[in-house]
Amino acid sequence: MPNAIFSLGLSAGELAVYAYLMHCEDRKSHQCWPSYKTIGRAVGMSENTVRKYVRVLEYKTLILTEPTKYESARRQVRNGNLIFTILPIYGAVKYHIGCQLGK
């Protein structure tokens, strides 16, 4: 976990979700795809709480999410897990400083 994360004023829940995503991250692609349920079990939160923190982490430019789709056995297209991309920390720090300065 980058030390700069502690300068962003994240809540304990935001930190927990971010830390879990970092734990799951593929170090080459910077991506992972756990479900909200999996994240919730790992950090002791409901799926809705995890969703809320994921939105906040996106807003704070720490992660990006992309929806996925898959074809079921009945050949129906279904929504899959999100792909989470962990963004470089310097962008979030820059954003946080800009917010503090009112930019």
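Visitor: Which pattern does the protein chain follow when read along the sequence?

Guide: The pattern is α-β-α-α-β-β-β-β-α, with 4 helices and 5 strands in the protein chain. Helices (H or I, at least four residues) and strands (E, at least two) are DSSP runs, numbered from the N terminus. This is a predicted model, in which local features need pLDDT of at least 70, side-chain atom pairs count only at pLDDT 80 or more, and totals for chains, interfaces and linings use all residues. Residues are numbered from 1 along each chain as its sequence is written, and side-chain values use heavy atoms, leaving out hydrogens and water.

Visitor: Where is Thr85 placed?

Guide: Thr85 lies in strand β5, which covers residues 83-86.

Visitor: Why is Thr85 called buried?

Guide: Buried means under 20% relative accessible area, exposed over 50%, and partly exposed in between (1.4 Å probe, protein chains only). Thr85 has a relative accessible area of 13%, so Thr85 is buried.

Visitor: What makes the link between the side chains of Thr85 and Gln31 a polar contact?

Guide: A polar contact is a pair of N or O atoms within 3.5 Å; within protein, one must be able to donate a hydrogen and the other to accept it, and residues adjacent in sequence count only if both atoms are side-chain atoms. The side chains of Thr85 and Gln31 are joined at 3.1 Å.

Visitor: Which residues does Thr85 touch, not counting those up to four places away in sequence?

Guide: Thr85 touches His30, Gln31, Leu62, Ile63, Leu64 and Glu66, where contact means heavy atoms within 4.5 Å.
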